[in-house]
Amino acid sequence: MLAHDKDSLKRTPLHGLHVSLGGKMVPFAGYDMPVQYPAGVLKEHLHTRVSAGLFDVSHMGQIALRPKSGRVEDAARALERLVPQDIVAIAPGRQRYAQFTNDNGGILDDLMVANFGDHLFLVVNAACKDADEAHLRAHLSDVCVVDSLADRALIALQGPKAEAALAKLCAEAPAMKFMDSGPRKVAGIDCFVSRSGYTGEDGFEISVPAAEAERLAKTLLENPDVLPIGLGARDSLRLEAGLCLYGHDIDTATTPVEAALEWSVQKSRRSGGARAGGFPGAEKILADFDQGAARRRVGLLAQGRAPVREGAPLFANDAGGEPIGQVTSGGFGPSLNAPVAMGYVPTSQSALGTNLFAEVRGQRLAVQVAAMPFVKNTYKR
């Protein structure tokens, strides 16, 4: 990368730490981020599955949605204008996965929404955060103050030993359940902690003031069970967990039903529900629920050893015919020691066990529709 291009990249508050740890820095969503450390992607991935990994996700957007009335339910009802989820039902101290949708039912971004008692706390994707903030301001400023929390870093601690590692710094951590979220003291620092993540493992995401981020990260890394993990392993971990990457597996042209995210849309927002519709693209999304979508995101296991990567066309037969779908994410799954992928196929060919073919370098490789997650999740419910 040209030096002047690298100079234009943003840096997270942990940038100096990544460099000191030997991180291989690459551009990602406008930031200079570590793709891996000297241990390498394979070891980082497997370490997170058996111990604990520390991830810098400070490039993501953190936003507070503060109701002008002082009543959090007013902020929740306002946000329901923009997402198909039941935000009103999120209890204080809990969070929920959601999507911003457009008028065609497509997904503008996916996000986490937490109820902090007197306001909502949102975490959005790095590449979309400026657009998301503008979207919120354009549509909710009548009811809410949209507060960008740009002075905060975000650290993820993931894996079966994450609880024990965090418990040394935060006595409340062990009592938290999956998707609990709220203010907590960590190493004496005022943080926001959620029991969630992007790996399929038990773990936590810790929002910390930027000025305290490096101290907190270094303190966590003093534990021999905790290793720094780069973007490479973050991607292979989330792929094994069957989790969507925005801009790849979901985008403005995919609906939540096509993306197999029906579970994230509560009955109260569906046809016949207490607050059915009322969000962008409701007509299309509710029709997908009621009549079924024409295509569906599915898991794919390759029958051989060659990885099937993003963009590979999918065919019904081993020769001839037009493509019926496309791979949206794919690579090697270290935990399975085998290639894994996901992509879109016609709903009529989305049943588990359906045999398809992916075209890789001019050859059609056998793949089979498989259940996701590929690796059993270990969330503490």
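Student: How many cavities of 30 Å³ or more does a search of the whole structure find?
Tutor: The model is a predicted one, and the values we discuss are computed from it. Rolling a probe the size of a water molecule over the atoms shows where empty space is left. When the whole structure is searched in this predicted model, the number of cavities of 30 Å³ or more comes to five.

Student: Which elements give two or more residues to the lining of the largest cavity, and how much space lies in that cavity?
Tutor: The lining of the largest cavity consists of 13 residues, and those that lie nearest its centre are Gln 95, Phe 121, Val 123, Ser 194 and Glu 205. The elements that contribute two or more residues are β7 (120-124), β11 (189-194) and β12 (203-209). As for the space in the largest cavity, the value is about 80 Å³.

Student: From which domains does the lining of the largest cavity draw at least three residues each?
Tutor: Sorted by class, this lining holds seven nonpolar, five polar and one charged residues. With at least three residues drawn from each, the domains in question are domain 1 (6-57 + 151-241) and domain 2 (61-136).

Student: Is Glu 205, which carries a UniProt annotation, buried or exposed?
Tutor: The annotation, "binding site", comes from an unreviewed UniProt entry and covers Glu 205, a residue placed in strand β12. Glu 205 is also among the residues nearest the centre of the largest cavity. Its relative accessible area is 14%, and because the cut-off for buried is under 20%, Glu 205 counts as buried.

Student: What distance separates the side chains of Arg 238 and Asp 235 in their polar contact?
Tutor: Arg 238 belongs to helix α8, and its relative accessible area of 1% places it in the buried class. The contact that joins its side chain to that of Asp 235 is a polar one, with a distance of 2.9 Å.

Student: Is Ala 260 buried or exposed, and is Arg 361 buried or exposed?
Tutor: Most residues other than glycine have a negative phi, and most peptide bonds are trans. Ala 260, in the loop between α8 (231-240) and α9 (282-291), has a positive phi of about 60°, and Arg 361, in the loop between β18 (355-360) and β19, has a positive phi near 50°. With a relative accessibility of 15%, Ala 260 counts as buried, whereas at 78% Arg 361 counts as exposed.

Student: Which residues are joined by a cis peptide bond?
Tutor: The bond has an omega of about 5°, and one of its residues, Pro 373, is located in the segment after β19 (363-370). The residues joined are Met 372 and Pro 373.

Student: What are the helix and strand percentages of the span that UniProt names "domain: Aminomethyltransferase C-terminal"?
Tutor: The unreviewed entry gives this annotation to residues 295-376, and the end C-alpha atoms of that span are 25 Å apart. The unreviewed entry also places "domain: GCVT N-terminal" at residues 14-268, where the chain is 25% helix and 31% strand and the end C-alpha atoms lie 41 Å apart. For residues 295-376, the values are 0% helix and 52% strand.

Methods:
Residues numbered from 1 in each chain as written. Predicted model: local features only at pLDDT ≥ 70, side-chain atom pairs only at ≥ 80, totals over all residues. Heavy atoms only, no water. UniProt positions renumbered as here; feature names shortened; annotations may be inferred. Helix = DSSP H or I, 4+ residues; strand = E, 2+ residues; numbered from the N terminus. 1 Å grid on protein atoms, 1.4 Å probe; cavity = no way out; pocket = protein on both sides within 12 Å on 5 of 7 lines; lining within 4 Å. Points joined across faces, edges and corners; volume = space filled by probe spheres on them. Nonpolar A, V, L, I, M, F, W, Y, C, P; charged D, E, K, R; others polar. Domains from an automatic or database assignment. Buried < 20%, exposed > 50% of the residue type's maximum accessible area, 1.4 Å probe, protein only. Polar contact = N/O pair within 3.5 Å; in protein donor to acceptor, adjacent residues only side chain to side chain.
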